[in-house]
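Hello,

I am passing a structure on to you, along with some notes on what turned up in it. Please have a look at it first, and then read on.

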Amino acid sequence: MYQLSCDISRFASQSLEEGLRAADALRINHIELAGFGGKPLEQCSGSEVEDIRCALIDTNKTIVLLSTALSPGDPAAFNELFRRAHLLNVRNIRVPFDGQPEPPEPAALAEILKMAAAWNIGVVFENEHRSFFRDDQSMTELLHPLPENAGVVYNPAEFVALSHHPFFHMFYASKLKNRIRFLRLNDSLYSTGEPTHLAGGNGEIKELISILLARSFDGWFSVAPYRGVSVDAMAQTLAEYRSLLRHM
């Protein structure tokens with residue numbers, strides 16, 4: 001019911017070991033990564049993949065979210081990524097849109113999702129206020145025709161950046177509720193865009209956590225370094241999250 005993940009991508013940019021130490025300090029075993037010592041997974045050699053697998057086994061870590069910079073128009077590269085990800089028991093691959101004004105070709109996404117299903121790996125997309133995938137309408141337009149292994153990383157701060165209410169405007173009437181795989185634990189202000197402590201801004205994070213739990217959410221609450229790249233900042237977010245839970 002209370003599955004947590006932590007984004008250690010920035011800590012692991014120099015070495016996986018540094019990222020794993022950050023996860024250990026937070027006492028979270030479900031991790032999120034974007035690469036391994038600055039190298040994307042699809043470029044890792046067989047021996048490097050085996051070293052990563054052994055490090056995950058030794059530290060009792062599971063990669064529940066792996067971000068890729070691959071283009072959806074490159075199915076061969078995605079197939080190589082899925083093959084390596086399967087060896088590491090990666091649960092989900094995140095395909096970011098990074099400010100793209102237009103969605104990828106539906107046929108390209110369908111091909112990637114077909115491959116992902118064959119490897120038993122989910123594919124997720126995160127709302128980004130500078131991209132076409134920025135609000136419930138645009139998110140629904142992309143996801144509605146796609147199979148169920150296409151999911152959402154729900155980011156309240158990205159909705160706040162557009163002066164939307166993440167719960168009352170974006171979530172409440174959405175048809176994507178069952179597609180949410182990750183909820184980013186963050187908060188920020190309409191007026192300045194500045195990050196705040198959880199439930200201290202306009203992110204309606206308490207309402208989102210509460211309604212997801214009421215719906216038997218089986219995804220992950222994601223702790224990321226949105227208030228500074230430090231374990232202490234992430235630990236503070238984690239403490240605030242637990243405090244919210246205790247008072248629900």
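A word on terms before we start: a residue counts as buried when its relative accessible area is under 20%, and as exposed when that area is over 50%. Please also keep in mind that this is a predicted model.

With that cut-off, helix 5 comes out as mostly covered, since 6 of its 8 residues are buried. The buried ones are D136, S138, M139, T140, L142 and L143. What lies over them? The cover for these buried residues includes helix 4, strand 5, strand 6 (150–154), helix 6 and helix 7 (166–171).

R130 sits in the loop that runs from strand 5 (122–126) to helix 5 (136–143). Its relative accessible area is 67%, so R130 is exposed. Between R130 and E17 there are 33 Å in space, C-alpha to C-alpha, and 113 residues in sequence.

P101 is another loop residue, placed between strand 4 (92–94) and helix 4 (106–118). Because its relative accessible area is 66%, P101 counts as exposed too.

E42 may be the residue you will want to look at yourself. You will find E42 in the loop between strand 2 (30–33) and helix 2 (46–59). Is this glutamate buried or exposed, and which side chain of opposite charge is nearest? E42 is buried yet forms no salt bridge, and the nearest side chain of opposite charge is R84, 7.4 Å away. Leaving aside residues up to four places away in sequence, E42 touches T68, L70, A77, E80, L81 and R84.

The largest pocket has a volume of about 550 Å³. It is lined by 25 residues, and those closest to its centre are D7, R10, N155, R184 and A224. Which elements supply at least two residues each to this lining? They include strand 2, strand 3 (62–67) and helix 6 (156–160). By type, the lining of the largest pocket divides into 11 charged, 8 nonpolar and 6 polar residues.

That is what I have for now. I hope you enjoy looking through it.

Best wishes

Methods. Residues numbered from 1 in each chain as written. Predicted model: local features only at pLDDT ≥ 70, side-chain atom pairs only at ≥ 80, totals over all residues. Heavy atoms only, no water. Helix = DSSP H or I, 4+ residues; strand = E, 2+ residues; numbered from the N terminus. Buried < 20%, exposed > 50% of the residue type's maximum accessible area, 1.4 Å probe, protein only. Lys, Arg positive; Asp, Glu negative; His and termini not counted. Salt bridge = Lys/Arg side-chain N within 4 Å of Asp/Glu carboxyl O. Contact = heavy atoms within 4.5 Å. 1 Å grid on protein atoms, 1.4 Å probe; cavity = no way out; pocket = protein on both sides within 12 Å on 5 of 7 lines; lining within 4 Å. Points joined across faces, edges and corners; volume = space filled by probe spheres on them. Nonpolar A, V, L, I, M, F, W, Y, C, P; charged D, E, K, R; others polar.
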